[in-house]
Amino acid sequence: MYIIVDDRESVANSYVGGLVREGVSSIGFSSGEFWDWLQSASESDLAAVDAFLLGDCDARGSLPRAMRKRSSAPIIAVSGQKMLKNTLELFESGVDDVVHVPVHLREILARTAAIARRRVGELPRPCETRIQVFFNGRDPEIAGHALTLPRRELRILEYMVSNHGKWITKTQIFNAVYGIFESTFDESVIESHVSKLRKKLRDRLGFDAIVARRYVGYRLDIPAGETLDEPMQELDDEVGILLNRTHAVPAAYPAGN
């Protein structure tokens, strides 16, 4: 989930709408509303945040350090002033990156993924020898063959890649895909999404890459060093995949579904 902080409601709504179209849950706050939310948010809610986008607001100079005290998620400042002095001030305030408008949202997604990679190191995850996920809206690949996934399934795959080998609960997946403030859908919808994704991966890889355990959750488990059987590579191009990486309080400006 992305959180946009901007005192201009129309701008925040624009980012929220664009991210939702990319399949990424998001929500917009004015700076005052964000301060209130940040102080009261639970650890689980904060863990669901992929990144903060910091736009034009009165408290922009002090917000980054307050964010960092409660979350390790990347903080990206979105600036309309392409001046060195302004850029340096933003970095000095504690942001991880600065982008200048106009900027495509996929670039922001890619920058978020790059920041996350640097923090965990550049060593590939075991699953990345089999599946490549780009974390920027691009279709994932398996053995060089693209797999077109619905946006919800793609987001689930991205989240599982980021947590390869770990058990993740249905609630965690729901928060990552739909956002922590979503009330239109029930968590049970995740079971259907995971079931469909699991079948597509099994058809392509030849084994169950997603392990499910009742009352525990799901785990992406792809052994390292294995190669795909040759016949599997000849499957229809619609079923292709490889994993790379990265990564809603009824807010002031709620996102769509």
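Which elements do the buried residues of α5 pack against? I kept in mind that this is a predicted model. I found the buried residues of α5 packing against α4 (63-70), β4 (75-79) and β5 (97-100).

**Helix α5.** I listed the buried residues of α5, which spans residues 84-93: Asn86, Thr87, Leu90 and Ser93. Looking down the axis, I saw these buried residues fall within an arc of 125°, so they line one face of the helix. Just past the end of α5, I came to glycine 94, which takes a positive phi of about 115°.

**The sheet.** I then traced the strands. Five of them form an open sheet with parallel pairing, in the order β2-β1-β3-β4-β5. β2 (26-29) and β5 are the edge strands with a single partner each, so one side of each has no neighbour in the sheet. For one pair I checked the bridges, and three of them join β3 (residues 51-54) to β4. Within that pair, leucine 54 has alanine 77 of β4 as its bridge partner.

**Helices on the sheet.** I went back to α4, which packs on the sheet and touches β1 (2-5), β3 and β4. The direction of α4 makes about 170° with that of β3. As for α5, I saw this helix lie across β4 and β5, running at about 145° to β5.

Which residues of α4 are buried? I noted Leu63, Pro64, Ala66 and Met67. They cover an arc of only 165° around the axis, which puts them on the same side of α4. I found that the buried residues of α4 pack against β1, α2 (31-40), β3, β4 and α5.

**Another helix pair.** Last, I looked at α7 (residues 151-162) and α8 (residues 170-178). These helices pack at an angle of about 125°, with their axes 9 Å apart. That angle makes α7 oblique to α8, and I noted the crossing as right-handed. From α7, the contact is made by Arg152, Arg155, Ile156, Tyr159 and Met160. From α8, I wrote down Gln172, Ile173, Ala176, Val177 and Tyr178.

Definitions and conventions
Residues are numbered from 1 along each chain as its sequence is written. This is a predicted model: local features need pLDDT of at least 70, side-chain atom pairs count only at pLDDT 80 or more; totals for chains, interfaces and linings use all residues. Side-chain values use heavy atoms; hydrogens and water are left out. Buried means under 20% relative accessible area, exposed over 50%, partly exposed in between (1.4 Å probe, protein chains only). Helices (H or I, at least four residues) and strands (E, at least two) are DSSP runs, numbered from the N terminus. The arc is that of the directions from the helix axis to the C-beta atoms. Contact means heavy atoms within 4.5 Å. Two strands pair if DSSP finds at least two bridges between them. Axes are lines fitted to C-alpha atoms, for helices over the stretch in contact, and angles run from 0 to 180 degrees between N-to-C directions. Angles under 35 degrees count as roughly parallel, over 145 as roughly antiparallel, 65 to 115 as roughly perpendicular and the rest as oblique. A crossing is left-handed if the near helix is turned anticlockwise from the far one by less than a right angle, and right-handed if clockwise.
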